[in-house]
Amino acid sequence: LLYTSIAGGGTPSLSPSELGAQKGVVSLAGRVQPGYKGDAYGGGFRFRVRDIKGGSTKTVTVVYTGSVSDQFRAGREVSVKGELRNGTFVAVKDSLVTKCPSKYTAKKDT
């Protein structure tokens with residue numbers, strides 16, 4: 001993480017359980033939980049994410065504005081840039097990326 005932040009010049013990628021007292025803009029990766037609501041172009045779209053690996057039950061609420069892929073739904077892996085403010089992850093507009101599950105499943109040998 002430190003190498004990525006300083007030498008790599010990139011945005012560190014964290015899971016909800018790793019956010020803690022992280023300061024500044026980071027990339028948050030997690031699995032969308034059921035019960036999202038709101039309008040991505042109005043007052044903000046709210047959803048919760050938890051660790052992808054499932055090792056932690058920690059979730060974080062994300063407030064997002066901007067475009068939302070048709071692939072977005074509960075159970076999907078997403079990545080979004082932003083920063084933690086008072087326990088809520090406030091996302092940068094149009095930074096939401098929904099990962100396609102077919103790209104991340106092992107190919108079967110035939």
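User: How many salt bridges does the count come to?

Analyst: Two, by the salt-bridge rule. Keep in mind that this is a predicted model.

User: What makes E77 and R31 a salt bridge?

Analyst: Their closest N and O atoms are 3.4 Å apart. The cut-off is within 4 Å, so E77 and R31 qualify. The pair links distant parts of the chain: E77 sits in strand β6 (residues 77-85) and R31 in strand β2 (residues 26-32), 46 residues apart.

User: Why is R31 called partly exposed?

Analyst: R31 has a relative accessible area of 27%. Buried means under 20% and exposed means over 50%, so R31 lands in between.

User: And how do you know that R85 forms a salt bridge with E83?

Analyst: Here the closest N and O atoms are 3.0 Å apart. That is within 4 Å, so the pair counts. Both partners are partly exposed, because R85 comes in at 44% and E83 at 25%.

User: What about D51: why does it have no salt bridge?

Analyst: The nearest side chain of opposite charge, R50, is 6.9 Å away.

User: Which side chains does D51 have polar contacts with?

Analyst: There's one of 2.6 Å to S17 and one of 3.5 Å to S15.

How values were computed:
Residues are numbered from 1 along each chain as its sequence is written. This is a predicted model: local features need pLDDT of at least 70, side-chain atom pairs count only at pLDDT 80 or more; totals for chains, interfaces and linings use all residues. Side-chain values use heavy atoms; hydrogens and water are left out. Helices (H or I, at least four residues) and strands (E, at least two) are DSSP runs, numbered from the N terminus. Buried means under 20% relative accessible area, exposed over 50%, partly exposed in between (1.4 Å probe, protein chains only). Lys and Arg count as positive and Asp and Glu as negative; His and the chain ends are not counted. A polar contact is a pair of N or O atoms within 3.5 Å; within protein, one must be able to donate a hydrogen and the other to accept it, and residues adjacent in sequence count only if both atoms are side-chain atoms.
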